[in-house]
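Reader: I have a structure to look over and would like to talk it through. Could you take my questions one at a time?

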There are 2 protein chains.
Amino acid sequence: MKNELDALMQANDIDVLLILGAAAHNPAMVYFTGVVHVSAADLIKKRGEPPVLFCNPMEREEAARTGLITRSYNEFPFMDLLKEANGDRILAAALRYQRMLASLGITSGRMALYGSTEVGAPFMIINALQQLAPGLTFVGYAQDPILMQAMQTKDEAEVARIRRMGAVTTEVVGRVADYLTSQHAKDGVLVNSEGQPVTIGDVKSRIDLWLAEKGAENPEGCIFAIGRDAGVPHSAGTLTDLMRLGQTIVFDIYPCEAGGGYFYDFTRTWCLGYAPDEAQKLYEQVHSVYNTLKDEFTMGRVLADYQKRTCELFEAMGHPTVMTQPTTEEGYVHSLSHGVGLHIHEKPFSGIGMNDLLVPGSIFTSEPGLYYPSRGMGVRIEDTYYARPDGTFEILADFPKELVLPVRQ
Amino acid sequence: MKNELDALMQANDIDVLLILGAAAHNPAMVYFTGVVHVSAADLIKKRGEPPVLFCNPMEREEAARTGLITRSYNEFPFMDLLKEANGDRILAAALRYQRMLASLGITSGRMALYGSTEVGAPFMIINALQQLAPGLTFVGYAQDPILMQAMQTKDEAEVARIRRMGAVTTEVVGRVADYLTSQHAKDGVLVNSEGQPVTIGDVKSRIDLWLAEKGAENPEGCIFAIGRDAGVPHSAGTLTDLMRLGQTIVFDIYPCEAGGGYFYDFTRTWCLGYAPDEAQKLYEQVHSVYNTLKDEFTMGRVLADYQKRTCELFEAMGHPTVMTQPTTEEGYVHSLSHGVGLHIHEKPFSGIGMNDLLVPGSIFTSEPGLYYPSRGMGVRIEDTYYARPDGTFEILADFPKELVLPVRQ
């Protein structure tokens, strides 16, 4: 949680967090600012002190909505800096950072870099700043032990927001199911009331619309993939594909609050009309593994243990898995779980070798699946769980798990 | 245009472009890939050769949709690299870049960095790569003379997509106007058929919905700001504000194709019911400057000249401007124009000191405005123009310019 930040900074010998970019679609920044209309900013947080947000004066009013201490770039007029830098914009920007930091009493120490923005200029600017301020040491993490660690456990307000996104998500999924079952079948494909085939594109445009109605968006799209595409876990689906009866449809939806707030992650697999025996069997196997895991989640355990467990369960059923065949593209081919928050994928992670724990406050997915693109099918079931302070695990949004969606002929 | 890239690389002594990040909401990447469901990739383009897209094998099918040469990270198994790097993930990632580049015959030369993603890890990885491959020189631009320069002129397919977004934008603006004028006024505020006040939030949620219906999104939000907020150019508006009659409403909408494709940019200023004399006068002044500029745009001229011209015109009317008072927050307080493409703000830029030209293929805004937050008002009019190959300038989407939207009492 956010209140762990100073301790995490201390434990990792970090004196300052420097977060670049906009206050939207930028998890590190939004963690502090919320989603506001500030398109370029720098947030500087010294250990033990509240964060300070530097921004353009034109965006001062929006910045003030964050409730943070805000300051204006105008304190360091860029034209003066540019002159001092002999027209070198990279150096001028580095000088501005040097002055901003100095104004907060920061002239040395270890600074962790964050923020999602264009990487080219910051790479040059931070290296230039390093030359200007040799007492500073810059750190960027492949596996972040500070912000991502703090984000790994959610406070009540965060849980409420993710729960609300869960309600939005399952409502939209329900509307998609209603839409599909209110059409009818003709020659083995779903057609609308005018007899026109329904395409994946038709369904996806409704998903976008219904999410927008609820104040959500899906910045990373969603997966609505049928047949062979369903057998490729990250195929998003082909917009022109028809909705053929008896084929597996993997519907993986991971929307967030508008502007890049908290996410939810959810998957169901459907067959329209009927399920062929092979699809039914795969589905039952995935469902059975899902249920076994649900009963086995235990507070304090390493999440990666459940990835191992999932592989073992699927291997016992005769499926190849990434445990024994790391590059397999058939069978169980991905990870079981990841945390969900301001990132769709965040800690805890379940990859083998990771040691993230299931601890109270974690919000994480459970998403076993089986994939056989060569047989034109794939199955995944996913819910988002909350590891509650009372030690129990709660699925944050209920939704039925039925493979077959009935369709009128 | 894209076909200028090799020449621009040569002119800037760049041998390789390296673009990081996802194939969505990432202009540099999307310029080559289009919007596809590839969440992490590296695009490497050698001068004189077609780009090569490296991605996760799980996303191979989506990557193939780009039509580019695609290769898998699995060619360089990360676990082996991690072992070689003694568990240092930054170094392992740098080793992977070194191998990827070497596999394309790149072991030295000047490489330009692009892509919008988290900045911390790439900062460390590229610096580690620099140690591994001292023959490489990395360049990041504050003002990019290659990709942004190529993007500054659009080919026919790009113009068609921006024109289509213009049609979507103006259709949504029309629906907003229809919605507002179909309500009625009570005690000086707009109320709906149940007599409930209409808020900025109500309007904004409809904007999101109607954009989604059209396959568009507004990742950076939109500005729908009334009264004093309208007087602060980048205030997005206060969701709980009521729609008071006789107050200026600045409606600036800048949506893009879903997933982070091409943008459009458009602003109108409205008063519901009636316009007070002062607002009417400001509006006429802005409209007059807009029209003067429209007639004066000339192919081959420096766009910044029109910023100067705008300041002169407003100064002659007695308004402060950024030309004489660079930090003024009243009067004319911003730039006149910017290019529009995969970025909402791209070349050509109109800031004083910039030397971007109006050349055939440019798509740019004209957006004069006047702001008086202390008097609770602001006015801006904006259209997006296409500098046509035939030397004329075309507004890409027509829409009436009327200040007052009539409202029934």
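This is a predicted model: local features need pLDDT of at least 70, side-chain atom pairs count only at pLDDT 80 or more; totals for chains, interfaces and linings use all residues.

Author: Happy to. Let us begin with a term: buried area is the accessible area, taken with a 1.4 Å probe, that two parts lose on being put together, summed over both. Residues are numbered from 1 along each chain as its sequence is written, chains are lettered from A and ligands numbered from 1 in the order in which they are written, and side-chain values use heavy atoms, with hydrogens and water left out.

Reader: How many salt bridges does the rule find across the interface of chain A and chain B?

Author: A salt bridge is a side-chain nitrogen of Lys or Arg within 4 Å of a carboxyl oxygen of Asp or Glu. R65(A) and D229(B) form a salt bridge, with their closest N and O atoms 3.9 Å apart. Across the interface of chain A and chain B, the number of salt bridges is 6.

Reader: And what area is buried between chain A and chain B?

Author: The contact brings together 57 residues of chain A and 57 residues of chain B. M58(A), V119(A) and F123(A) supply 15% of what chain A buries against chain B, more than any other three residues. Carbon and sulfur atoms give 57% of the area buried between the two chains, about 4700 Å².

Reader: How many residues apart in sequence are the parts that K154(B) and E346(B) tie together?

Author: K154(B) and E346(B) form a salt bridge whose closest N and O atoms are 2.5 Å apart. K154(B) lies in the loop between α7 (147–151) and α8 (156–181) of chain B and E346(B) in strand β16 (residues 346–349) of chain B, so the parts tied together are 192 residues apart in sequence. For the element names, helices (H or I, at least four residues) and strands (E, at least two) are DSSP runs, numbered from the N terminus.

Reader: Is D383(B) buried or exposed?

Author: D383(B) meets K401(B) in a salt bridge, at 3.4 Å from N to O. Buried means under 20% relative accessible area, exposed over 50% and partly exposed in between (1.4 Å probe, protein chains only). K401(B) has 23% relative accessibility and so is partly exposed. D383(B) has 1% relative accessibility, so it counts as buried.

Reader: What is the angle between the planes of F266(A) and F399(A)?

Author: Rings of Phe, Tyr and Trp (its six-membered ring) pair if their centres lie within 6.5 Å; planes under 30 degrees apart count as stacked, over 60 as edge-to-face and the rest as tilted. The structure holds 31 aromatic pairs over all chains. F266(A) and F399(A) are an edge-to-face pair, 5.7 Å centre to centre, and the angle between their planes is 85°.

Reader: Which residues form one aromatic cluster with Y290(A)?

Author: Y290(A) and Y385(A) make a tilted pair, at 6.4 Å centre to centre and 45° between the planes. That pair joins helix α10 (residues 277–296) of chain A to strand β20 (residues 383–387) of chain A, 95 residues apart. Y290(A) is in one cluster with F297(A), Y306(A), F364(A), Y385(A) and F393(A).

Reader: Where is S366(A) placed?

Author: S366(A) counts as buried because its relative accessibility is 0%. Leaving aside neighbours within four places in sequence, S366(A) has contacts including Y290(A), F297(A) and Y385(A). Its place is in chain A, in strand β17 (residues 363–366).

Definitions and conventions. Contact means heavy atoms within 4.5 Å.
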